[in-house]
Amino acid sequence: MVKVIIYTGLSLPFDEARELLDSHDDVEVIYKKPIKRGDLGHDIKENPDIIGIIDGVFHQNSSVGHKEILNVIDKGVTVVGSSSMGALRASELDTLGMHGIGYVYEQYATGKVASDDDVAVMLDSETLESLSEPLINMDYVFTNAVSENIITSDEKDELIQIAKSTFYPKRNYSKTLNESNLDDEKKSKLINFIRTSPDIKKEDAKELIKYIAGMVK
């Protein structure tokens with residue numbers, strides 16, 4: 001029996017995660033809320049073989065520490081990270097045994113993104129609903145909007161500057177567009193583009209779960 005623990009719920013709801021990987025005869029999969037400091041020390045007692053870190057707290061509680069992750073790796077547990085806190089920690093520990101998956105991880109690993117503020121969101125601790133928009137999602141969408149000739153590079157720079165200067169719990173598309181110099185027609189086109197754009201953190205979370213599913217086959 002292979003035991004898997006995955007910390008998510010924010011980037012990817014539990015029910016959607018279970019559609020990709022759920023417990024069956026040879027695998028026990030346990031989904032837990034976003035990881036915080038101390039969780040690994042407690043959860044390692046459940047003897048997992050694989051741990052997937054997607055979401056974690058940043059400011060509500062102390063974040064999961066590097067030593068905590070290294071301690072479970074030293075015990076022979078495979079640790080995979082993506083999407084949010086998992087991507088950040090994987091980029092910092094990928095030379096020490098942690099595996100990184102997805103776009104957000106690559107952004108951190110290559111140094112294109114450095115701050116945890118880029119993936120931070122305000123969340124409802126009970127429902128795990130995101131109450132703000134992560135900067136990394138906004139940058140991904142605006143970059144694609146430039147490629148589709150919906151906005152210019154200069155307009156993208158303005159939008160990102162507005163988003164960066166906004167405290168993360170209040171960061172969202174509506175506020176950013178309203179404070180920009182985009183004309184109404186361009187705003188309307190961009191809003192439509194945003195509505196049909198993928199949530200890159202969610203896509204990375206799916207990729208991590210599919211990766212783990214491949215490991216336990």
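Colleague: How much space lies in the largest pocket?
Modeller: This is a predicted model, where local features need pLDDT of at least 70 and side-chain atom pairs pLDDT 80 or more, while totals for chains, interfaces and linings use all residues. Residues are numbered from 1 along each chain as its sequence is written, and side-chain values use heavy atoms, without hydrogens and water. A pocket is an open set of points on a 1 Å grid over the protein atoms alone, with protein on both sides within 12 Å along at least five of seven lines. With points joined across faces, edges and corners, and volume taken as the space filled by probe spheres set on them, the largest pocket holds about 250 Å³.

Colleague: Which residues lining the largest pocket are the closest to its centre?
Modeller: The lining (residues with an atom within 4 Å of a point) has 4 nonpolar, 3 polar and 3 charged residues. Here Ala, Val, Leu, Ile, Met, Phe, Trp, Tyr, Cys and Pro count as nonpolar, Asp, Glu, Lys and Arg as charged, and the others, Gly among them, as polar. Of these 10 lining residues, the closest to the centre are Lys33, Pro34, Val57, Asn61 and Ser125.

Colleague: What is the volume of the second largest pocket?
Modeller: Its lining divides into 4 nonpolar, 4 polar and 4 charged residues. Leu10, Val121, Glu133 and Lys201 are among them. The volume of the second largest pocket is about 170 Å³.

Colleague: Which residues are the closest to the centre of the largest cavity?
Modeller: A cavity is a set of grid points where a 1.4 Å probe fits but cannot get out, and the structure holds 1 cavity of 30 Å³ or more. About 80 Å³ of space lies in the largest cavity, whose lining divides into 8 nonpolar, 3 polar and 1 charged residues. Of the 12 residues that line the largest cavity, the closest to its centre are Leu10, Gly56, Phe58, Val121 and Leu123.

Colleague: In what order do the strands of the open sheet stand?
Modeller: Strands (E, at least two residues) and helices (H or I, at least four) are DSSP runs numbered from the N terminus, and two strands pair if DSSP finds at least two bridges between them. Strand 1 (residues 2–7) is joined to strand 2 by 6 bridges, and valine 4 has valine 29 of strand 2 as its bridge partner. The 5 strands pair in parallel, in the order 2-1-3-4-5.

Colleague: Which are the edge strands?
Modeller: The open sheet has 5 strands. Pairing on one side only marks two edge strands: strand 2 (27–32) and strand 5 (99–101).

Colleague: How many residues of helix 4 are buried?
Modeller: Buried means under 20% relative accessible area, exposed over 50%, and partly exposed in between (1.4 Å probe, protein chains only). The buried residues of helix 4 include Met85, Leu88, Arg89 and Leu93. They are covered by elements including strand 3, helix 3 (66–74), strand 4, strand 5 and helix 5 (102–109), where contact means heavy atoms within 4.5 Å. Of the 9 residues in helix 4 (85–93), the number buried is 8.

Colleague: Is serine 83 buried or exposed?
Modeller: Serine 83 lies in the loop between strand 4 and helix 4. Its phi is positive, at about 75 degrees, although it is not a glycine. Most residues other than glycine have a negative phi. Because its relative accessible area is 0%, serine 83 counts as buried.

Colleague: Is asparagine 47 buried or exposed?
Modeller: Asparagine 47, in the loop between helix 2 (39–43) and strand 3, has a positive phi of about 55 degrees although it is not a glycine. Its relative accessibility is 59%, so asparagine 47 counts as exposed.
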